[in-house]
Amino acid sequence: MDAYSTFCLNGTTHPFSDRDDPRESLLRWLKRHRLTGTKEGCGDGDCGACTVAEVLREGDSNRLRAVNSCLLPMGQVLGRSFVTVEALATKDEVHPVQRAMVRCAGSQCGYCTPGFVMSLFVGFHEDTLGDHCIDGNLCRCTGYTTIRQAMAEVAAVPTSERPRALPRFIDQDPGFTPRSAPTFLTPATVAEAIANKTAHPDYVWITGATDTGVALSRGQPVAPGFIALDRIDELQQVHRRESSWRIGAGVTLSQLEDQLGDDLPIITEVLPWFAARQVKNRATLGGNIGSASPIGDLLPCLLALDAVIELAGPNGRRPVAAADYFLDYRRTARHNDELVTAVTFDVSPGRQAFYKVAKRQTDDISIVAAAFLVDTDSTGVIRFVRLAYGGVAAIPKRARDTEAFLLGRTLDPGTVDEAVSKLASEFAPLSDHRASKEYRMALIGNLFRQFVEAA
Ligand SMILES: Cc1cc2nc3c(=O)[nH]c(=O)nc-3n(C[C@H](O)[C@H](O)[C@H](O)COP(=O)(O)OP(=O)(O)OC[C@H]3O[C@@H](n4cnc5c(N)ncnc54)[C@H](O)[C@@H]3O)c2cc1C
Ligand code: FES
Ligand code: FES
C-alpha cells in the first residue's frame, strides 16, 4: 500500500501508509523501529522518560518543544518533525547537555536520562533552563541535585554559542505530503471539522491528546476515529481588547504562559501548577473544557470570570455561559456534534487569585482548586464576588449562596466566619484515594480565609 503521508524524524522523512495505525503512540512507533533510546516509564505522561522534541516552524525560524511521545498518537505526528535522543550527538562529540550530565554524574541506572537530556536540550536551545524545564521528568535513583548541577553548567553557556550544538537537520524543510489518515482526520478550519463530524458522527475530537492519549496509551479503544483540532489556526488565537478577552480553544497552556502576561492572575497563577512542561506544551483550554473533569484546573477560573464558552456545530455558533455549561459529572451543555471554539470574558475589576492543593507541588492533579474574584468599594464593601471551586462536587461549581451573602458586606472577621460556614453547606465533597471528604471540606473554607488574609 502506498504511503499517504509522511513525518520527519531526526532529519529523515518516514512514510505512513494504511498498514500503520494512526492511534499508535509515537513511543510505540519508535520502539517498533528499534529507536530504543526513548524510554517508557509510566505510559501516562507522568514520568518524562519518553520525552522527545518537536520542531515547530515559525516563519523562517524553528522552535523546539518537549512533548511526551507516549501520549502522542501517530495521527498527530504526521506532517510534523521530531528529534529523539539518538540525534543529539555527532560522530565526534556529544551534545553539551549530555556532556554536562556525564561530568556532573547526573545518571545512575540511566533509565530516566534520555528524557532529562531531551528536556534539557529543549531548555538549552529555547533558553528556558530552570526547574520548570525538567519538572515533567522523574528520577528514581540519582536524585535531582546532580541533574540540577548539570543544568546549571549548561545554563552558563552563552546563548550566542548554543546554536552550534543544534543538529543540522533541524533547519531543513522536510517537504511533507498530505497528512490526514482515514481514521484520524486533521481539518484546517472549523467548518471542515464540523463537516468531518457530520460525515463521521462516531469520531471524537482530539486536540493536545494529553487526556485522550492516556487512554490510547493503555490500549483502550476510545473511538473508531478522531478529528484532530490542533492544526486549526482560528482555535489558536488569543485576542485582547482592554479587559475583554477571547482565547481560542486550541491554545495550549504553554501559549497561555507566553501570551497572558501579568494581567490575568486568576489564570496565570494556575499555570506553574498545571501538569509539567511536556503536558503543558500540548494540553489545551478546549481539551480541559472537553474533559469536563470536576478537577479540571482552568474550569473554576472560567466560572469566576463569568466566561462564555463558544460552541460551533452544524447549526452555527452559540454562546453558553460557563455557569450553565457543566450539568453533571462529565456531562455538559455541548451537543455531540459541537466543538468548543473559544472562551470569551470581560474581566471585572477586583482582586483575583487561584489556589490549588495537591499531594505534590508540581505535576499533580488537584485535590481542591479554587478561583476567587472579589471587588470592593473604597470603604471595603463588596460589590462583586465570585467564589468557584473544583474537586468538591461532581462538577466545577460556584458557591452562589455565599456569594449572595457576601455582597454588600465587608470582610470583617465575623463575616468571614459566617461565609466559611455557608461555604461548607454548599458542597458535599467525596472521599477518594487522594483525600477524605473532611479534608476537602476544611480546604473549602481555609482557602477562602487564605485569600482574605492575603489582602
Ligand atoms: C501527566 C498529566 C498531568 C495533568 N495535569 C493536569 C492538571 O494539573 N490540571 C488539569 O486540569 N489537567 C491536567 N491533566 C489533564 C489534561 O492535560 C488537561 O485536561 C488538558 O487541558 C486536556 O487538553 P488536551 O488538548 O490535551 O485534550 P485532549 O486529550 O485532546 O481531549 C480531552 C477531551 O476533550 C475533548 N476535546 C478536545 N478539544 C475539544 C474541543 N475544542 N471541543 C470539544 N471537545 C474537545 C476530547 O474529545 C476529549 O474528550 C493532566 C494530564 C496528564 C497526562
Ligand atoms: S512514559 Fe512516562 S511520560 Fe511517557
Ligand atoms: S538515573 Fe535511575 S531513574 Fe534516574
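Five strands, in the order β9-β10-β15-β11-β12, make up an open sheet with antiparallel pairing. Its edge strands are β9 (238-241) and β12 (316-321), each of which pairs on one side only. Neighbouring strands of this sheet are turned by 20° against each other on average, direction ignored; the axes are lines fitted to C-alpha atoms, and angles run from 0 to 180 degrees between N-to-C directions. This is a predicted model, in which local features need pLDDT of at least 70, side-chain atom pairs count only at pLDDT 80 or more, and totals for chains, interfaces and linings use all residues. Residues are numbered from 1 along each chain as its sequence is written, while chains are lettered from A and ligands numbered from 1 in the order in which they are written.

**Terms for helices and strands**

- Helices (H or I, at least four residues) and strands (E, at least two) are DSSP runs, numbered from the N terminus.
- Two strands pair if DSSP finds at least two bridges between them.

**Inside the open sheet**

- Strand β10 (residues 244-248) pairs with strand β15 (residues 339-346) in the antiparallel sense over 5 bridges, and Trp-245 stands opposite Phe-345 in β15.
- Strand β11 (residues 308-313) also runs antiparallel to β15, joined to it by 5 bridges; the bridge partner of Val-308 is Thr-344 in β15.
- β15 is mostly covered, with 6 of its 8 residues buried. A residue is buried if 20 or more other C-beta atoms lie within 10 Å of its own, exposed if 12 or fewer, and partly exposed in between, with C-beta atoms placed from the backbone.
- In a regular strand the side chains alternate between the two faces of the sheet.

**Hairpins and their neighbours**

- Strand β1 (residues 3-9) and strand β2 (residues 12-17) run antiparallel and are joined by 6 bridges; Ala-3 has Ser-17 in β2 as its bridge partner.
- The hairpin of β1 and β2 has 2 residues between the strands, and Asn-10 takes a positive phi near 50° there.
- Strand β3 (residues 51-58) pairs with strand β4 (residues 61-68) in the antiparallel sense over 8 bridges, with Ala-53 opposite Ala-66 in β4.
- β3 and β4 form a hairpin with 2 residues between them, and Gly-59 in the turn has a positive phi of about 60°.
- β3 also pairs with strand β5 (residues 81-83), in the antiparallel sense over 3 bridges, and Val-55 stands opposite Ser-81 in β5.

**Around ligand 1**

- Of the 30 residues around ligand 1, Gly-45, Gly-208, Gly-286, Gly-287 and Gly-290 come nearest; a residue is near a molecule or strand if its C-beta atom, placed from the backbone, lies within 6 Å of it.
- β7 (204-206), α6 (212-217), α10 (285-291) and β15 each supply at least two residues of this shell, and the largest share, 5 residues, comes from α10.
- By class, the shell has 14 nonpolar, 12 polar and 4 charged residues. Ala, Val, Leu, Ile, Met, Phe, Trp, Tyr, Cys and Pro count as nonpolar, Asp, Glu, Lys and Arg as charged, and the others, Gly among them, as polar.

**The whole chain**

- The chain has 15 helices and 19 strands.
- Its radius of gyration is 23 Å, close to the 23 Å that the globule rule gives for 455 residues, so the chain is as compact as a globular protein of that length. The radius is taken over C-alpha atoms, and the rule is 2.2 Å times the number of residues to the power 0.38.
- Of the 455 residues of the chain, 46% count as buried.
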